[in-house]
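Colleague: Could you walk me through this one? I'd like to start with the charged pairs and then move on to the rest.

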Amino acid sequence: EYLIKEGINFLIPRYYKNRTELLDDSIRLILRSNQTIRIEMAISLYVKEKISLSKAAEIAEVTTIEFKEIFAEKGYRRVIEGESIEEIDRKIEEAFR
């Protein structure tokens, strides 16, 4: 803990304006260097519906297909919402009238 306090005191104001700026940079470095954390963060944001599937894959630095596979391997199930079959049939009928 002493080293952390001294490190913060050294870095601010020499390299960072404030603790928030230091923390932002620290999180970015952690995410860049640790794929496991990137994937877990992407999953967390996706599950909370804060980001789309494609954005989650982008954060995790994998393809959308790979993200779907990782998501399933971790025991998650994707819930895909859409219109009912009846609603889709109705729209198809209207389109061909």
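Modeller: In this predicted model, the side chains of arginine 90 and glutamate 94 meet in a salt bridge, at 2.2 Å from N to O. Because the two are four residues apart in helix H6, which covers residues 85–95, about one helical turn separates arginine 90 from glutamate 94.

Colleague: How many salt bridges does the structure hold?

Modeller: The structure holds four salt bridges, and one of them joins lysine 55 to glutamate 58, with the closest N and O atoms 3.3 Å apart. Both of these residues lie in helix H4, three residues apart, which is about one turn of the helix; lysine 55 is partly exposed at 36% relative accessible area, whereas glutamate 58 is exposed at 52%.

Colleague: What does glutamate 61 form a salt bridge with?

Modeller: Glutamate 61 pairs with arginine 38, the closest N and O atoms being 3.4 Å apart. As for accessibility, glutamate 61 counts as exposed at 55%, but arginine 38 counts as buried at 8%.

Colleague: Switching to the core, which residues touch the most other members?

Modeller: The largest nonpolar core has 13 residues, and those touching the most other members are Ile43, Tyr46, Ala56, Ala60, Val62 and Phe67. Helices H3 (35–47), H4 (53–60) and H5 (64–73) each supply at least two residues of this core. Leaving aside residues up to four places away in sequence, valine 62 touches Gln35, Ala57, Phe67 and Ile70.

Colleague: Where does the nonpolar surface patch get its largest share from?

Modeller: That share, three residues, comes from helix H2, residues 19–33. The patch covers about 340 Å² and is made by Leu23, Ile27, Ile30 and Ile37; leucine 23, which lies in helix H2, counts as exposed at 52% relative accessibility.

Colleague: Stepping back, how many helices and strands are there?

Modeller: The protein chain has six helices and zero strands. Its radius of gyration is 22 Å, well over the 13 Å that the globule rule gives for 97 residues, so the chain is more spread out than a compact globule. The C-alpha trace spans about 75 × 30 × 20 Å along its principal axes, and 20% of the 97 residues count as buried.

Note on methods:
Residues are numbered from 1 along each chain as its sequence is written. This is a predicted model: local features need pLDDT of at least 70, side-chain atom pairs count only at pLDDT 80 or more; totals for chains, interfaces and linings use all residues. Side-chain values use heavy atoms; hydrogens and water are left out. Patches are made of residues with over 30% relative accessible area and no salt bridge: like charges are joined within 9 Å, nonpolar side chains (Val, Leu, Ile, Met, Phe, Trp, Tyr) within 5 Å. Accessible areas come from the Shrake-Rupley method with a 1.4 Å probe; for residues, only the protein chains shown count as cover. Buried means under 20% relative accessible area, exposed over 50%, partly exposed in between (1.4 Å probe, protein chains only). A nonpolar core is a set of buried Ala, Val, Leu, Ile, Met, Phe, Trp, Tyr and Cys residues joined through side-chain atoms within 4.5 Å. Contact means heavy atoms within 4.5 Å. The radius of gyration is taken over C-alpha atoms; the globule rule is 2.2 Å times the number of residues to the power 0.38.
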